[in-house]
Amino acid sequence: MFGVNKVTIVALIMVLCILLQFNISNAATFPAGDANGWGFGMNGWPNGKTFTAGDVIEFKYQVGLHNVVKVSQDQYDSCKYTGGQVFNSGDDKITLEKGTSYFICTIGPHCSNGVKAAITAN
């Protein structure tokens, strides 16, 4: 098998599995809004929390009452949504990338009433 024996292949597979487990185990899941979930009263969340690229934010809410849209900083600041992916399952899990991610609810005046979050991941 091209000069590679079975022991070497097994060892490589084991190292790969350990590395994958290490990466997975370092990621954390954070519920948006903590116990209150995604909705009104988001002001102050996520202050005081530390996020890392690869962490997952779980947006839980009643379907039809809210949605989640990842937007630009300008759209976040103005609460004006001009396109992008809309999440509306009621249990959306979004993996953070390095930098600041901006999320808003685009239903009615929800965003301007505080249903939004800016999350910075290192």
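**Notebook: burial, bridges, cores and the disulfide**

I began with S101, which is buried at a relative accessible area of 4%. My cut-offs are under 20% relative accessible area for buried, over 50% for exposed, and partly exposed in between, with a 1.4 Å probe and protein chains only. The model is predicted, so I note that local features need pLDDT of at least 70, side-chain atom pairs count only at pLDDT 80 or more, and totals for chains, interfaces and linings use all residues. Residues are numbered from 1 along each chain as its sequence is written, and side-chain values use heavy atoms, with hydrogens and water left out.

**Entry: around S101**

I placed S101 in strand β6, residues 99-104. Leaving out residues up to four places away in sequence, I found that S101 touches K70, L96, A117, A118 and I119. A contact here means heavy atoms within 4.5 Å.

**Entry: the chain**

I looked up the secondary structure and found two helices and seven strands. These are DSSP runs numbered from the N terminus: helices are H or I with at least four residues, strands are E with at least two. From the N terminus the order reads α-β-β-β-α-β-β-β-β. The chain has 122 residues, and 34% of them are buried. Of the contacts with a separation of 6 or more, 68% are between residues 24 or more positions apart. The chain exposes about 7600 Å², with carbon and sulfur atoms supplying 58% of that area. Accessible areas come from the Shrake-Rupley method with a 1.4 Å probe; for residues, only the protein chains shown count as cover.

**Entry: salt bridges**

I counted three salt bridges. The rule asks for a side-chain nitrogen of Lys or Arg within 4 Å of a carboxyl oxygen of Asp or Glu.

K49 pairs with D34 at 3.2 Å, N to O. Both residues sit in the loop between β1 (29-31) and β2 (56-60), 15 residues apart. K49 is partly exposed at 29%, and D34 is partly exposed at 34%.

E58 pairs with K93 at 3.4 Å, N to O. This pair links strand β2, which holds E58, to strand β5 (residues 91-95), which holds K93; the two are 35 residues apart. E58 is buried, at 14%.

K93 also meets D91, at 3.2 Å. D91 is partly exposed at 30%. Shared partners join E58, D91 and K93 into one network.

**Entry: nonpolar cores**

I took a nonpolar core as a set of buried Ala, Val, Leu, Ile, Met, Phe, Trp, Tyr and Cys residues joined through side-chain atoms within 4.5 Å. The largest has 19 residues, and W38, I57 and F59 have the most contacts inside it. Strands β2 and β7 (116-121) each give two or more residues to this core. β7 gives the most, with three. Another core of six residues lies apart from it and includes V69, Y102, I104 and C111.

**Entry: cysteines**

Which cysteines does the disulfide join? I found C79 joined to C111, S to S 2.1 Å. The criterion is a pair of cysteine sulfur atoms within 2.5 Å. The structure holds one such link. The angle about the S-S bond is -70°, and the link is left-handed. C79 lies in the loop between α2 (73-78) and β4 (86-87), C111 in the loop between β6 and β7, 32 residues apart. C79 is partly exposed at 24%, whereas C111 is buried at 3%. C105 is in no disulfide; its nearest cysteine sulfur, that of C111, is 8.1 Å away. I noted C105 as buried, at 1%.
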